[in-house]
Amino acid sequence: MSKTIRLTMAQALTRFLSRQMTEIDGSKVPIFGGVWAIFGHGNVAGIGEALYQLREELATFRAHNEQAMAHAAIAYAKANFRRRFMAATSSIGPGALNMVTAAALAHVNRLPVLFLPGDVFANRIPDPVLQQAEDFSDGTATVNDCFRPVSRYFDRITRPEQIIPALSRAMAVLTDPAECGPVTLSLCQDVQAEAYDYPESFFAERVWHQRRPRPDRHELAAAVAALKSAKKPLIIAGGGVLYSQASDELAKFAEGAGIPVCETQGGKSSLPDDHPLNMAAVGVTGTSAANRLAEEADVVLAIGTRLQDFTTGSWALFKNSGKTIIGLNVQAFDAGKHRALPLVADAAEGLAELGAALKDWKAPSAWTDNTATGKKAWQVEAAKVTASTNAAYPSDARVIGAVQRAMGSGVTLLHAAGGLPGELHKLWQAGAPGSYHAEYGFSTMGYEIAGGLGAKMAKPDEEVVVMIGDGSYLMLNSEIATSVMLGLKLTIVLLDNRGYGCINRLQMATGGANFNNLLKDTRHEVLPDIDFAAHAASMGAIAEKVPSIAGLENALAQAKKNPRTTVLVIDTDPLVSTDAGGHWWDVAVPEVSVRPQVNAARKAYDEKRKMQTVGD
Ligand SMILES: Cc1ncc(C[n+]2csc(CCOP(=O)(O)OP(=O)(O)O)c2C)c(N)n1
Ligand SMILES: [Mg+2]
C-alpha cells in the first residue's frame, strides 16, 4: 500500500497546484503564478480554507469582479508566453457566470487558465440552494454548464477522488501547445469539503517543459517544394510565433531566404518594428506596405495564425489566384485552413527545419529589395498622422504618437477593443517580443485594465501602458483599485471621445444613422459629462485630465516617475481614424431599407464582396 494523506478535495487540489513547476531561463519556478479568488458560498468554506493553509506556497489574490480577475489571470499567461498561468475561483451562480466571457476570451486566444467555479451540492439534499438555477427536465444541469463550449476541458467534481484524473487532464491541456486553453473544474461545494485518503505520490513535485513538436517529413518536403517555387513569398507572423518564442528563428529564416514578414494583431512584435523585413501590420488594419505584398504574394507562409477575418481581409486580401498557403501551426485545425499545405509543428522548430532544408535558396532579389520602398512610403504616412497637434480634439493616432514619443518602444503596450486596436496595429512601433499585448481575438471591452494588471504581475520590472477608450473604461475599471492595493503600477491612457466611436463610424459606413453609439446620439435627459480623472482618483490612482497632446507627453514623462497607477485622460475626436493603409472588412449591410444611405452602402458592399475568394 502506498502512503496516503487525508485531505479535503479542496486541500488536495490546491496542494497539487502548488507542486506543479516549470523551468524558465534555467530556474525552477511554480507553474501557477497564484490563484485569483472572490469568495462566496460555494467556495469560501472549501477552497477558501484550503487556500489559506497554502497561502505561503500558492499566493491568493482578491479582485473586485470575477470577469476582471480572470482577465488578469489570462493576461498573465499571455505575458508569460503561456509558460506560466493562474487559476481563478468563484462562488456559485453569478460569480461563476461572471467568468464565462473570460473563458471564451482565453478559448479564442488559446491561452491557459484554470477556472474553479463553485457548483451546487452533489448530494442535492438542500436543493435548491441560493443562486442555483433549476432545470425542470435535467437534474444534472447547472449554470456552470455554460463553461462547456468555452473550455478546452470541462469536468464536474462530484466525488473527492475524481480530482486525481481531472487534474492530470487539466495539466495536459494547460501545457499542450496545440490544445492549450481554458480548463474548468466545476467544484460541487459539499465535495470541496469532503475528505479522502489521497496517495502521497499524487503530490510529488513535477516539472513541466514546453513541448515543441517537429514537422512531419512529408509535410516538410511539400512546404519546402512550395517555397522553392515561390517568386513572391510572404510570411505572416501570428501569435504562435510569440507563444513559441520563435522571434530569433523567424528573423534568421526571413533574412536567410529574403522573405518579407507581416504581422497579425496577435503576432505583432514578433520582429521589432525597425527590422528591415518587417512590413508590420497585415489585413483590415494593415499597413500599405504589408497589404501590397499580401495582394501579390504567390506563397504565403502563415505561422501560428488562426487566419481570422482581420488578417485575411475577410478572405479578399490575397489576390494572387495561383497562391499557395503553407500553414505552419502546432494545431492541425489551424494548419489546414483555406486549403493550406499543413506543416504541423512548433513555430521555432518548423522554421529551423524549413531553413535547413532550403539551404541557400533565396527569394528573387527584386521582390525582397522592393520591400524597402513600400516600408519607407508607409513610414512617411504614419509619421504624418501621428505628429503632434494643437487640436482640441485630436485623433487616436495623434495620441498614439504622443505615447510612443514619451514612452519609447521599451514598454509593454496593452489594448483590446474600440478604435484603438486598429490604429495601434497600424501605427505602434513595437520593440521586444511580447511588448505589444493585444487581445484582439475576442476583442473584449473591459479586458484592458485587468489585463494590464495581469501583464504587470508577469513583468513587474517593466512599464505597462494600457490604452483604453471611455466605453471600455466604463465597462470594467475596478481593478485600478486592485493595482493600487497590490502596488502594481500601470500607466493608463484613457481616450474620451464620449461614446462608442468606432461602432459609430462603422454604423455610418454601412449607411446607418448616428444612433445609440455616441452619448449625444442616445436617448437621454441629461448628457453625461463624466469626470474620469476624479473617478480614477477615487480608487487611489494618480489621475489627471490633460488639455492637449503636448500636455499628455509632459504628463507621461511624470507618470514614468510616479510610484503608483496613473490615469491620464484626454478628449479625442470620435469621427477620425487613419485612412492610410487598411483593407475592406465584411460587415453585412441590410439588403432592403427605407434609408437611401443604406441602399447605397449595400450596392457598394455587393461590389466589394466580389473580391472574396470562395472555396479556398
Ligand atoms: C464586451 C463587449 N461588448 C461590446 C463590444 C462591441 N464593441 C466593440 S468596440 C465598442 C465601442 C468601444 O468604445 P470605446 O471603448 O469608447 O472605444 P472607441 O470605439 O470610442 O474608440 C463596442 C461596443 C465588445 N467588443 N465587447
Ligand atoms: Mg469612446
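The buried residues of helix H5 are Val100, Ala102, Ala103, Ala104, Leu105, Ala106, His107, Val108 and Asn109. That is nine of the ten residues in this helix, which spans 100-109. The model is a predicted one. What do these buried residues pack against? Their partners include helix H3 (66-79), helix H4 (94-97) and helix H18 (447-458). Strands S7 (113-119) and S9 (182-188) are also among them, as is helix H9 (239-243). Just after H5 comes Arg110, with a positive phi of about 55°.

The structure holds four cavities of 30 Å³ or more. H5, helix H12 (309-312) and strand S16 (324-329) each supply at least two. By class, the lining of the largest cavity has 14 nonpolar, 18 polar and seven charged residues.

The second largest cavity has a volume of about 100 Å³. Lys78, Phe81, Leu242, Gly434 and Tyr436 are the closest to its centre, out of 13 lining residues. H3, H9 and strand S19 (436-438) each supply at least two residues here. This lining has six nonpolar, five polar and two charged residues.

Asp470 sits in helix H19 (470-475), while Gly499 lies 29 residues away, in the loop between strand S21 (491-496) and helix H21 (501-509). Both Asp470 and Gly499 are buried.

Definitions and conventions: Residues are numbered from 1 along each chain as its sequence is written. Chains are lettered from A and ligands numbered from 1 in the order in which they are written. This is a predicted model: local features need pLDDT of at least 70, side-chain atom pairs count only at pLDDT 80 or more; totals for chains, interfaces and linings use all residues. Side-chain values use heavy atoms; hydrogens and water are left out. Helices (H or I, at least four residues) and strands (E, at least two) are DSSP runs, numbered from the N terminus. Buried means under 20% relative accessible area, exposed over 50%, partly exposed in between (1.4 Å probe, protein chains only). Contact means heavy atoms within 4.5 Å. On a 1 Å grid over the protein atoms alone, a cavity is a set of points where a 1.4 Å probe fits but cannot get out, and a pocket is an open set with protein on both sides within 12 Å along at least five of seven lines; lining residues have an atom within 4 Å of a point. Grid points are joined across faces, edges and corners, and a volume is the space filled by probe spheres set on the points. Ala, Val, Leu, Ile, Met, Phe, Trp, Tyr, Cys and Pro count as nonpolar, Asp, Glu, Lys and Arg as charged, and the others, Gly among them, as polar.
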